[in-house]
Number of protein chains: 2
Amino acid sequence: MDLALAEATAAGARGEVPVGAVLVGPGGHVIAKAGNEVEARNDPTAHAEMLVLRAAAEHLGNPRLEGCDLVVTLEPCAMCATAISFARIRRVVYAAYDPKGGGIDHGPRMYSQPTCHHRPEVVGGVQAQKAENLLKDFFARLRT
Amino acid sequence: MDLALAEATAAGARGEVPVGAVLVGPGGHVIAKAGNEVEARNDPTAHAEMLVLRAAAEHLGNPRLEGCDLVVTLEPCAMCATAISFARIRRVVYAAYDPKGGGIDHGPRMYSQPTCHHRPEVVGGVQAQKAENLLKDFFARLRT
């Protein structure tokens, strides 16, 4: 999570919403890491989670990332939660809860839907305060 | 929709699930078209809808595609439905309904969620039979 928080901090410094993610392979090594790049790439899908899923799948030569874990600083939205399920991620570990935009423990609760065919293990709230502070500071600066 | 069906047919011929999409700009011209490329790209997020959203946003230099419409041969899944909302798409026109994997009129019904902040107009069932036949033939061939 420290690596993901560093990616989030770097994203915030680039003017992106400060969210960072890390993809960990079955052996415990980091396969990919990224921060949010929606504005820099002009890509509405370029959330940190999507970028590490795509990078890891390309690296491993397989769209299905069996045995891999995803660590991210904010509860994934429904887009990312669904992509994580498609990629067969084993475990999602996230920091801050997101009652307004989260798609795992809020809103559509994607992994509780009967149409969800792969349900990763989920651990939320890990180092949540640090991730929340990054987001709060970012949006406070935007408003001034 | 004819263009999207042609993209779906081409995707099926490449061994991908036959789904195709077209992104239409505010002036009515086609900005992007694509078929599913999950297997070819080793990318779990490479659904036809995601590819045209990304291509159009890159082309227009803006992650928000105000006034644009998306035409696709199958009801979008929750990942694509959410990305379509993030991209501020004006109208989604789709062909076949997808009770097992759809995210707009089935499953999580993304645009009915209180956490959804942009709700496109949706028209489903346009040339549904042609799109269904493509999918049925594809999966029938897979099983033989």
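## Polar and charged contacts between the chains

Between chain B and chain A, the count is eight residue pairs in polar contact, with both residues at pLDDT 80 or more; the model from which this count is taken is a predicted one. Helix H2 (38-41), helix H3 (48-60) and helix H4 (78-86) of chain B are the elements that give two or more residues to the side of chain B that touches chain A. Of these, H4(B) provides the largest share of that side, namely five residues. Sorted by class, the side of chain B that touches chain A has 14 nonpolar, ten polar and six charged residues.

As a general point, side chains of opposite charge can pair when their charged atoms come close.

## Extent of the interface

In terms of residues, 30 of chain B are in contact with 30 of chain A. The area buried between chain B and chain A comes to about 2,400 Å², and carbon and sulfur atoms give 66% of it. Within chain B, the residues that lose the most area to chain A are B:Asn42, B:Pro44 and B:Arg54, which together account for 23% of what that side buries.

## Packing of two helices in chain B

Two packed helices are described by the angle between their axes and the distance between the axes. For helix H1 (residues 2-13) and helix H5 (residues 128-143), both of chain B, the angle is about 5° and the axes are 10 Å apart. Because angles under 35 degrees count as roughly parallel, H1(B) is described as roughly parallel to H5(B).

On the H1(B) side, the residues that take part are B:Asp2, B:Leu5, B:Ala8, B:Thr9 and B:Gly12, and they meet B:Lys130, B:Ala131, B:Leu134 and B:Phe138 in H5(B). By class, the contact of H1(B) with H5(B) has five nonpolar, two polar and two charged residues.

How values were computed
Residues are numbered from 1 along each chain as its sequence is written. Chains are lettered from A and ligands numbered from 1 in the order in which they are written. This is a predicted model: local features need pLDDT of at least 70, side-chain atom pairs count only at pLDDT 80 or more; totals for chains, interfaces and linings use all residues. Side-chain values use heavy atoms; hydrogens and water are left out. Contact means heavy atoms within 4.5 Å. Buried area is the accessible area (1.4 Å probe) that two parts lose on being put together, summed over both. A polar contact is a pair of N or O atoms within 3.5 Å; within protein, one must be able to donate a hydrogen and the other to accept it, and residues adjacent in sequence count only if both atoms are side-chain atoms. Helices (H or I, at least four residues) and strands (E, at least two) are DSSP runs, numbered from the N terminus. Ala, Val, Leu, Ile, Met, Phe, Trp, Tyr, Cys and Pro count as nonpolar, Asp, Glu, Lys and Arg as charged, and the others, Gly among them, as polar. Axes are lines fitted to C-alpha atoms, for helices over the stretch in contact, and angles run from 0 to 180 degrees between N-to-C directions. Angles under 35 degrees count as roughly parallel, over 145 as roughly antiparallel, 65 to 115 as roughly perpendicular and the rest as oblique.
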